[in-house]
Amino acid sequence: MLLASQISMSLIALAAPASPTALAFRRGAKQWSALFPKSRGTGSSLFANSLRKRLRLRFFASGNNGGIVEEISEAEKEPKNFAWPDNKKPRVCILGGGFGGLYTALRLESLEWPDDNKPQIILVDQSERFVFKPMLYELLSGEVDEWEIAPRFLDLLANTSVQFFKDRVKVLHPSDHWGMNVSKESRCGGTVYLESGLQIEYDWLVLALGAEAKLDVVPGAAEFAIPFSTLEDARKVNDKLTTLERKTFGKDVQISVAVVGCGYSGVELAATLAERLQNRGIVRAINVETMICPNAPPANREAALKVLSSRKVELLLGYFVRCIRKLSELESSDTLTGVDENSTEVAPAIEKYILELQPAERGMQSAIIEADLVLWTVGTKPPLPQLEPSDAPFVIPLNARGQAETDETLRVKGHPRIFALGDSSALRDSSGKILPATAQVAFQQADFTGWNLWAAINGRPLLPFRFQNLGEMMTLGRNDAVISPSFVDGLTLEGPVGHTARKIAYLIRLPTDEHRLKVGISWLTKSSIDLVSSLQSTLYKVLSGS
């Protein structure tokens, strides 16, 4: 009982989120009146009214939760300045709505601000939905619904004062890099230029833009491989799998899937897909390393290997992909890996791809494999280098990977009014290694970023960030996972127990109390239905046997 209590309390510590406070959300006409204030001039009024009408056509109502602006056409992207409601209060602009950006905004909302000094906050993201990325795999297994792990920003921020803009960042123009002693007369920290033409002047900036898949390192990867890091990626993979399942239904043809990369993401993806396809397909996982998940705890790696072996996942270790190309009509499929030579079944019309593999070490032979679906989980690149202005040098210090160099308070070096976290940050630990780009790191950095923004605005000392590794978790399919909490030495939870522990940890980590409650009820209902169905099935077997 003591151990169970310790585990329960540890899971809460592992997943304890920032608790946001409830405030009014600026929405509807008020938001856009602030964006386009009325002018006394007749010409200006006509232009503003015309622009308001055009924008109103793109304003989506969502009950009482306000709305967002759809993508604006090229003809309507005239430069325009955003008018903050109150010029006396601090202006915080957060770029990116992932774990780093959204949770920083919610953290700022949860803090108490003295002397009516609470900042105005804008959150900018190119998507209308926040995505809880560690649970994207459950979309493929059908274990969760999309709304549970990808709620809309408008719903999450409905009871806050945070304004959300669905837009893409085009250029950054910081103006705080001339020295650490910023003049009190000039509060402005710089300007953000968005693709819609909107220009946002800020006092404080948070860079939490995440990272995108790096597909330009291998010929053919960008054209024929699908990454797995966004909601759109998960939808695309699920649609492709569904199409393949329909085309091969009732036929003696196996679906072939190639997963490039055997880190956490690649292994979780391979295990999930192998469980979904079962005997209708074959999953091959390719990795340049000679082991899977090289940075994982040994117990997690062993548990994953056991599951992959039981589901007949083929591991091609010690290989890197030289190129990916389409299978031409002149090529004979029976000379390639994964084709049943004895089959007389006429194969359905499915687009196939060839992966040419090169051994990473001597003594191994090159290989060629065929796949109906190629998934890419190797490498990411932050978008910060793309935001450099064309008419001026980029003043934000970046490392070789394109991440902003920060000090221990998560403030960008040389820029006292810019904070960076998550994939956008190149913060190093005590041993000099850059912290991994994981959800756990982003969770903790968001908490510190929110606090340090509060401290900077109120003239208090900033806190140095110290990452606390709370353990590692990995999903291995429906009702199967492995978790190794760092606070209990030698403890590893596997199978259904690990699966339940992981879901509880992530449930606690969901962004808001309201969303947490809705998802908790949904998961409990599904679990109850599954339990009843399992009992009925068992009872039927017992009665049939008797």
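Me: A helix crossing is left-handed if the near helix is turned anticlockwise from the far one by less than a right angle, and right-handed if clockwise. With that settled, in which hand does H10 pass H11?

Reply: H10 passes H11 in a left-handed crossing. This is a predicted model, where local features need pLDDT of at least 70, side-chain atom pairs count only at pLDDT 80 or more, and totals for chains, interfaces and linings use all residues. Residues are numbered from 1 along each chain as its sequence is written, and side-chain values use heavy atoms, with hydrogens and water left out.

Me: What do the H labels stand for?

Reply: They are DSSP runs, numbered from the N terminus: helices are H or I with at least four residues, strands are E with at least two. The protein chain has 14 helices and 22 strands.

Me: Back to H10 and H11. At what angle do they pack, and how far apart are their axes?

Reply: The angle is about 30 degrees, and the axes are 10 Å apart. H10 covers residues 264–277 and H11 covers 298–310. That makes H10 roughly parallel to H11. Angles under 35 degrees count as roughly parallel, over 145 as roughly antiparallel, 65 to 115 as roughly perpendicular and the rest as oblique. The axes are lines fitted to C-alpha atoms, for helices over the stretch in contact, and angles run from 0 to 180 degrees between N-to-C directions.

Me: Which residues of H10 and H11 make the contact?

Reply: From H10, Tyr-264, Val-267, Ala-270 and Ala-271. From H11, Asn-300, Ala-304, Val-307 and Leu-308. Contact means heavy atoms within 4.5 Å. By class, the contact of H10 with H11 has seven nonpolar, one polar and no charged residues. Ala, Val, Leu, Ile, Met, Phe, Trp, Tyr, Cys and Pro count as nonpolar, Asp, Glu, Lys and Arg as charged, and the others, Gly among them, as polar.

Me: And how do H9 and H10 pack?

Reply: H9 (residues 231–247) and H10 pack at about 25 degrees, with axes 12 Å apart. That makes H9 roughly parallel to H10. Their crossing is right-handed. Asn-238, Leu-241, Thr-242 and Glu-245 in H9 meet Leu-273, Arg-276 and Leu-277 in H10. This contact has three nonpolar, two polar and two charged residues.

Me: New topic. How many aromatic pairs in the whole structure?

Reply: A search finds 16. Rings of Phe, Tyr and Trp (its six-membered ring) pair if their centres lie within 6.5 Å; planes under 30 degrees apart count as stacked, over 60 as edge-to-face and the rest as tilted. One of the pairs is Phe-99 with Tyr-103, which is tilted: 5.9 Å centre to centre, 55 degrees between the planes.

Me: Where do Phe-99 and Tyr-103 sit?

Reply: Both are in helix H4 (residues 99–110). Being four residues apart there, they are separated by about one helical turn. Phe-99 and Tyr-103 are buried. Buried means under 20% relative accessible area, exposed over 50%, partly exposed in between (1.4 Å probe, protein chains only).

Me: What about Phe-153 and Phe-164?

Reply: They form a stacked pair, 4.7 Å centre to centre, with 25 degrees between the planes. Phe-153 is in helix H7 (residues 153–156) and Phe-164 in strand E4 (residues 163–166), eleven residues apart. Phe-153 counts as buried because its relative accessibility is 0%. Phe-164, at 3%, also counts as buried.

Me: Which residues form the aromatic cluster?

Reply: Phe-99, Tyr-103, Phe-130, Phe-132, Phe-443 and Tyr-506 form one cluster.

Me: Now backbone. What is phi of Lys-312?

Reply: Near 60 degrees, a positive value in a residue other than glycine. Most residues other than glycine have a negative phi. Lys-312 is in the loop between H11 and strand E13 (314–317). At 67% relative accessibility, Lys-312 counts as exposed.

Me: And Asn-479, what is its phi?

Reply: About 60 degrees, positive, although Asn-479 is not a glycine. Asn-479 lies in the loop between strand E20 (471–475) and strand E21 (481–485). Its relative accessible area is 43%, so Asn-479 is partly exposed.

Me: Last one. How much of the protein chain is buried?

Reply: Buried residues make up 50% of the 546 residues.
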